[in-house]
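Visitor: Please take one part of this model and go through it closely, then place it in its setting. I would like the cut-offs stated for every term you use.

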Amino acid sequence: MDIQLSHVNKRFGDTAVIKDVSFTVAAGEICCLLGPSGSGKTTLIRLMIGALPADSGTIQFGDTEMPNMAILKRLGFMPQNDALYEDLSAQGNLAFFGGLYHLPKRTREARIAEVLDMVELTDHKRKLVKDFSGGMKKRLSLAIAILHEPDILFLDEPTAGIDPVLRRKIWAQFQSLKAQGTTIIVSTHVMDEVVECDKGALLYNGRLIEYDTVDRLLAKTDSGRIEDLFFAASESEARS
Ligand SMILES: Nc1ncnc2c1ncn2[C@@H]1O[C@H](COP(=O)(O)OP(=O)(O)OP(=O)(O)O)[C@@H](O)[C@H]1O
């Protein structure tokens with residue numbers, strides 16, 4: 001399912017946090033939201049998943065304007081801070097969320113086994129989450145986000161605090177979800193993750209300063225480093 005944002009605005013009190021943002025992500029693409037801390041990445045994701053109402057503008061998934069309850073069920077969301085039940089096991093957490101998603105009872109157990117395997121937590125499925133490492137919690141959060149096989153997956157800094165080996169494994173999972181047709185929106189601070197993505201949306205102070213294919217974005221820089229596009233934006237803001 002594709003995603004279309006058109007002139008989306010959001011203020012918190014007197015502060016405009018998302019300013020006239022428009023872009024389209026095609027079905028089955030990975031689009032990364034890039035930007036310095038406070039640039040509006042999490043707010044934009046919360047607007048897209050319907051957790052926050054926009055002040056103006058429209059957000060559409062396929063032919064349907066959001067918010068829409070039927071489409072909500074087809075979204076997966078991995079929040080920046082793990083939303084897990086610490087006193088439940090990995091399996092217990094997945095069973096709980098499987099119930100929330102109304103996964104059919106007959107297939108629920110098999111699907112839980114499948115996602116545990118995908119994130120390499122099968123051997124730890126009975127361990128309580130409070131005894132998990134940070135990386136294990138991230139992987140469990142990912143398993144929960146994909147449990148109901150969403151058409152669109154939103155990932156808010158999914159690899160923050162994750163070591164490079166595990167990060168590579170997690171990105172391999174994202175690529176395999178993309179290969180199955182899932183559209184993925186992923187926010188990150190990690191500039192080298194951008195090369196894993198098809199499109200890049202660069203946010204700076206709530207404004208979309210660039211939106212293009214990753215190849216074209218990189219070609220716009222002298223150094224081949226996407227950070228340069230932010231330096232240019234900060235310089236032009238300082239001059240104006
Ligand atoms: N509920 C809220 N009430 C008031 N201001 C908010 C709220 N949520 C976010 N903000 C402000 O909106 C701006 C954008 O925040 P947001 O969390 O979207 O940025 P971000 O790019 O995701 O940052 P980070 O990379 O640090 O997570 C910040 O100035 C933040 O303080």
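Guide: What follows starts with the ligand surroundings, moves on to the helices, and ends with some individual positions.

The model is predicted, so local features are reported at pLDDT of at least 70 and side-chain atom pairs only at pLDDT 80 or more, while totals for chains, interfaces and linings use all residues. Numbering runs from 1 along each chain as its sequence is written.

The residues around the ligand are Phe12, Val17, Gly35, Ser37, Gly38, Ser39, Gly40, Lys41, Thr42 and Thr43. To be listed, a residue must have its C-beta atom, placed from the backbone, within 6 Å of the molecule. By class, this shell has 2 nonpolar, 7 polar and 1 charged residues. Here Ala, Val, Leu, Ile, Met, Phe, Trp, Tyr, Cys and Pro are nonpolar, Asp, Glu, Lys and Arg are charged, and the others are polar, Gly among them.

Helix H1, residues 41-48, gives the largest share of the shell, 3 residues. Helix and strand labels refer to DSSP runs numbered from the N terminus, helices (H or I) having at least four residues and strands (E) at least two. Within H1, the buried residues are Lys41, Leu44, Ile45, Leu47 and Met48. These residues cover an arc of only 160° around the axis, which puts them on the same side of H1. The arc is taken over the directions from the helix axis to the C-beta atoms. Buried means that 20 or more other C-beta atoms lie within 10 Å of the residue's own, exposed means 12 or fewer, and partly exposed lies in between, with C-beta atoms placed from the backbone. As background, an α-helix has 3.6 residues a turn, so residues three or four places apart point the same way. After H1 comes Gly50, with a positive phi near 85°.

Helix H3 can be described in the same terms. Its buried residues are Ala90, Asn93, Leu94 and Gly98. They span an arc of only 135° around the axis, which places them on the same side of H3. Gly99 and Leu100, on the other side of H3, are exposed.

Two packed helices are described by the angle between their axes and the distance between the axes. For H3 (residues 90-100) and H4 (residues 105-118), the axes come within 10 Å and cross at roughly 130°. That makes H3 oblique to H4, and the crossing is right-handed. The axes of H3 and H5 also come within 10 Å, with a crossing angle of roughly 25°. H3 and H5 are therefore roughly parallel to each other, and H3 passes H5 in a right-handed crossing.

The conventions are these. Axes are lines fitted to C-alpha atoms, for helices over the stretch in contact, and angles run from 0 to 180 degrees between N-to-C directions. Angles under 35 degrees count as roughly parallel, over 145 as roughly antiparallel, 65 to 115 as roughly perpendicular, and the rest as oblique. A crossing is right-handed if the near helix is turned clockwise from the far one by less than a right angle, and left-handed if anticlockwise.

H4 contains Thr107, which is exposed, with 11 other C-beta atoms within 10 Å. The C-alpha atoms of Thr107 and Gly92 are separated by 16 Å, at 15 residues apart along the chain.

The peptide bond from Met66 to Pro67 is cis, with omega near -5°. Pro67 belongs to the loop between strand E5 (64-65) and helix H2 (69-72). Glu149 is a residue other than glycine with a positive phi, near 50°, and it sits in the loop between helix H5 (134-146) and strand E7 (152-156). Glu149 is partly exposed, with 16 other C-beta atoms within 10 Å. Asn205, not a glycine either, has a positive phi of about 50°. Asn205 lies between strand E9 (199-204) and strand E10 (207-213), in the loop, and counts as partly exposed with 16 C-beta neighbours inside 10 Å.

Finally, there are two long-range pairs. Gly57, in strand E4 (residues 56-61), has its C-alpha atom 6.3 Å from that of Asn9, 48 residues away along the chain. Pro158, in the loop between E7 and helix H6 (164-179), counts as buried with 26 C-beta neighbours inside 10 Å. Pro158 and Ser187 are 7.7 Å apart, C-alpha to C-alpha, and 29 residues apart in sequence.
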